[in-house]
Amino acid sequence: MELGIRDRVVLVTGAGRGIGRQICQTLAEEGVRVAVNDLFQERADESAGEISRSGGKAIGVSADVTDLEAVNGMVRRVVEEFGSLDILVNNAGIPAVTTQDAVPATGGFFSGSGPEQWERTMGLITHGVLNCSRAVIEGMSERSWGRIISIISDAGRVGEPRLVAYSMAKAGVVGFSKALAKEIGRACVTVNCVSPATTETEATAAWIAAQGDQIMRQYPLAKGLNRLGKPSDIANAVAFLASERAEWITGQVLSVNGGYSMAD
Ligand SMILES: NC(=O)c1ccc[n+]([C@@H]2O[C@H](COP(=O)([O-])OP(=O)(O)OC[C@H]3O[C@@H](n4cnc5c(N)ncnc54)[C@H](O)[C@@H]3O)[C@@H](O)[C@H]2O)c1
């Protein structure tokens, strides 16, 4: 199926590794020009370099998505480089470990958590999505074409113990997306969410290894396919929602999770 998005421009946040990196690669294979964001310039450059070496068009743009001024600067840079910004993928959602004494970003019982952890988690997820969406929305409206896709988590759909603030913030992104979808639909901008369950990335490798074989039982498709979720599963769903073929789909949440949860 031809996706009809050749030469469109995407900005993917938190895309120096993991799911975001794969989203960049998959969209580049469809001929989309890619701006790779990450908190760390070297990660963004590495991811962009990989695309350029395989014949795609990509630039690395570092910025902290929780900083609106930095985000506005990043969006200006992307538009200067590529002439527009058509697709935003809000993917950054797991706080990076930047100092040795950083409080664990997400995991742990709620009873042992406190404001520092909540702010890091909720700040990144909610303000990251607000800032990046705010920075692109006027350009998309003016061009009467746009896609905003946020990577949430099944934790936000059905709740996940030891990820209470994270679940709350991801659920908030669903409300944001539905409200904005109604507000901006008349400008032909769609707003949707893709919701992974456990997906094998650098962020989850140690946790998955610690679970042993038991984890496979939670995913109806896992035994048959002999695997857990991969970044490409998420990237393929994003590519479809970003495509011309999905112009009639907005305000929706698509779980890509091997059957882990089957939320309405
Ligand atoms: N991996 C999973 O099992 C899983 C499951 C459900 C949902 N998700 C969601 O998928 C998304 C990607 O997850 P992942 O496993 O690939 O994460 P990851 O930690 O491997 O990669 C995320 C990237 O985001 C960057 N980042 C962190 N804070 C940032 C900031 N303030 N500004 C810009 N970049 C920042 C990090 O440097 C990192 O390179 C997240 O939103 C996460 O919540 C992941």
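Me: In which helix does V164 lie?
Reply: This is a predicted model, in which local features need pLDDT of at least 70, side-chain atom pairs count only at pLDDT 80 or more, and totals for chains, interfaces and linings use all residues. Residues are numbered from 1 along each chain as its sequence is written. Helices (H or I, at least four residues) and strands (E, at least two) are DSSP runs, numbered from the N terminus. V164 lies in the helix of residues 164-184, α6.

Me: Is V164 buried or exposed?
Reply: A residue is buried if 20 or more other C-beta atoms, placed from the backbone, lie within 10 Å of its own, exposed if 12 or fewer, and partly exposed in between. V164 has 20 C-beta neighbours inside 10 Å, so V164 counts as buried.

Me: What distance separates the C-alpha atoms of V164 and E200?
Reply: Along the chain, V164 and E200 are 36 residues apart.

Me: Which residues of α2 are buried, and how are they placed around the axis?
Reply: Helix α2 covers residues 41-53 and has 13 residues. The buried ones are R43, A44, S47, A48 and I51.

Me: What covers the buried residues of α2?
Reply: Contact here means that the C-beta atoms of two residues, placed from the backbone, lie within 7 Å. The face of α2 turned away from its buried side carries the exposed residues E42 and R53. The cover over the buried residues includes α1, β2 and β3 (58-62).

Me: What span does α2 reach from its first C-alpha to its last?
Reply: The expected span of a helix is 1.5 Å times one less than its number of residues. For the 13 residues of α2 this expectation is 18 Å, and the helix comes close to it, reaching 18 Å.

Me: Which residue just after α2 takes a positive phi?
Reply: The phi in question is about 95 degrees. The residue that takes it, just after α2, is G55.

Me: Where does S144 lie, and what is its phi?
Reply: Most residues other than glycine have a negative phi. S144 is in the loop between α4 (115-143) and β5 (146-151), and it counts as exposed, with 10 C-beta neighbours inside 10 Å. Although not a glycine, S144 has a positive phi of about 50 degrees.

Me: What is the phi of N226?
Reply: N226 is placed in the loop between α8 (222-225) and α9 (231-242). With 8 other C-beta atoms within 10 Å, N226 is exposed. N226 is not a glycine, yet its phi is positive, at about 55 degrees.

Me: Which element gives the most to the shell around the ligand?
Reply: A residue is near a molecule if its C-beta atom, placed from the backbone, lies within 6 Å of it. Of the 31 residues around the ligand, G14, G18, G93, T201 and A203 come nearest. At least two residues of the shell come from each of α1 (18-29) and β2 (33-38). The element that gives the most, with 3 residues, is α1.

Me: What is the radius of gyration of the protein?
Reply: The protein has 9 helices and 7 strands. The globule rule, 2.2 Å times the number of residues to the power 0.38, is compared with a radius taken over C-alpha atoms. For 264 residues the rule gives 18 Å, and the protein is as compact as a globular protein of that length because its radius of gyration is close to that, at 17 Å.
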